[in-house]
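Subject: Structure for you to look at

Hello,

Here is the structure for you to look through. Please open it first, then read the notes below with it on screen.

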Amino acid sequence: MSPQDVAAKVGETIGTSEWVEMSQERINQFAEATGDHQFIHLDEEKAKMTPFGGTIAHGFLTLSMIPYLSANSDLPRVDGVKMGVNYGGNKTRFISPVRSGKRIRGHWKLIEMIEKRPGQWQQTNEITIEIEGEDKPALITEWIMQVFV
C-alpha cells in the first residue's frame with residue numbers, strides 16, 4: 001500500500017493486533033531490564049493485599065509492547081519502507097492495570113499521515129491497548145512514527 005493510500009484512511013480504525021499474554025515471567029524480565037522492582041509487579045503475596053489482588057504489569061511494559069503488537073497485527077503495510085522509527089507519543093494515559101496472566105491487544109486509529117519531505121512520512125495513530133474480558137482499556141496513547149520510503 002502506498003503512503004498516499006494509507007493517508008486516505010485518516011479517521012479510520014486501521015488495524016488490530018493478535019492477543020498476547022502478559023505473563024509474570026515477562027513482567028519479571030521487564031523489572032530486571034529497567035530496575036523497577038516495586039513489589040506490586042513482583043511479590044505475589046504482598047500484591048494480593050492491594051486493591052489489584054495480585055501482581056500487575058508495569059505501565060511502561062504495556063506501552064513498550066506497541067512494536068510487538070504492531071508487528072503481529074493486520075495494520076496496512078506501506079510499500080517500499082526503508083526504515084520506520086519511533087518519533088514519540090502524545091497524551092499517553094494508563095487507564096487500567098494489566099494483571100499478570102491477562103491478555104492484551106492493540107487497536108490503531110489513524111489520526112494523521114503527512115509527508116514531511118519527499119520520502120519521509122509522519123504517521124500519528126491513536127492506539128488503544130485492550131485487556132481481554134475487561135471494560136476499560138489498559139492505556140490510550142497517540143503514537144507518532146517517521147516512515148521513510
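What share of the contacts in the chain with a separation of 6 or more comes from residues 24 or more positions apart? Such residues account for 70% of those contacts, where a contact means heavy atoms within 4.5 Å.

Two points on how to read the rest. This is a predicted model, in which local features need pLDDT of at least 70 and side-chain atom pairs count only at pLDDT 80 or more, while totals for chains, interfaces and linings use all residues. Residues are numbered from 1 along each chain as its sequence is written, and side-chain values use heavy atoms, with hydrogens and water left out.

The chain as a whole

The chain contains six helices and six strands. Both are DSSP runs numbered from the N terminus: helices are H or I with at least four residues, strands are E with at least two. Their order along the sequence is α-β-β-α-α-α-α-α-β-β-β-β. Along the principal axes, the C-alpha atoms fill a box of roughly 55 × 30 × 25 Å.

The chain has 149 residues, and 38% of them count as buried. Buried means under 20% relative accessible area, exposed means over 50%, and partly exposed lies in between (1.4 Å probe, protein chains only).

The core and strand β5

A nonpolar core is a set of buried Ala, Val, Leu, Ile, Met, Phe, Trp, Tyr and Cys residues joined through side-chain atoms within 4.5 Å. The largest one has 27 residues, and I104 and I129 touch the most other members. Elements giving two or more residues to this core are α2 (24–34), α5 (59–64), α6 (66–71), β4 (103–117), β5 and β6 (139–148). Leaving out residues up to four places away in sequence, I129 touches T62, I66, L69, I104, R105, G106, P137, A138 and L139.

T128 lies in strand β5 and is buried, at 19% relative accessible area. The C-alpha atoms of T128 and G106 are 5.6 Å apart, although the two residues are 22 positions apart along the chain. Beyond its neighbours within four places in sequence, T128 is in contact with R105, G106, H107, P137, L139 and I140.

Q122 is also in strand β5 (residues 120–131). Is Q122 buried or exposed? Q122 counts as buried because its relative accessible area is 10%. A polar contact of 2.7 Å joins the side chains of Q122 and Q146. A polar contact is a pair of N or O atoms within 3.5 Å; within protein, one must be able to donate a hydrogen and the other to accept it, and residues adjacent in sequence count only if both atoms are side-chain atoms.

S17 sits in the loop between β1 (13–16) and β2 (20–21) and is buried at 6% relative accessibility. Its side chain reaches the backbone nitrogen of G106 at 2.8 Å. Among the residues that S17 touches are L69, N72 and W108.

V78 is in the loop between α6 and β3, and at 15% relative accessibility V78 is buried. V78 and V6 are 72 residues apart in sequence, but their C-alpha atoms are 7.5 Å apart.

D43 is in the loop between α3 (39–42) and α4 (44–48) and is partly exposed, at 29% relative accessibility. The side chain of D43 reaches the backbone nitrogen of E45 at 3.1 Å. D43 and G119 are 76 residues apart in sequence and 49 Å apart in space, C-alpha to C-alpha.

A backbone angle to check

Most residues other than glycine have a negative phi. K91, in strand β3 (residues 83–94), has a positive phi near 55°. K91 counts as exposed, at 58% relative accessibility.

Regards
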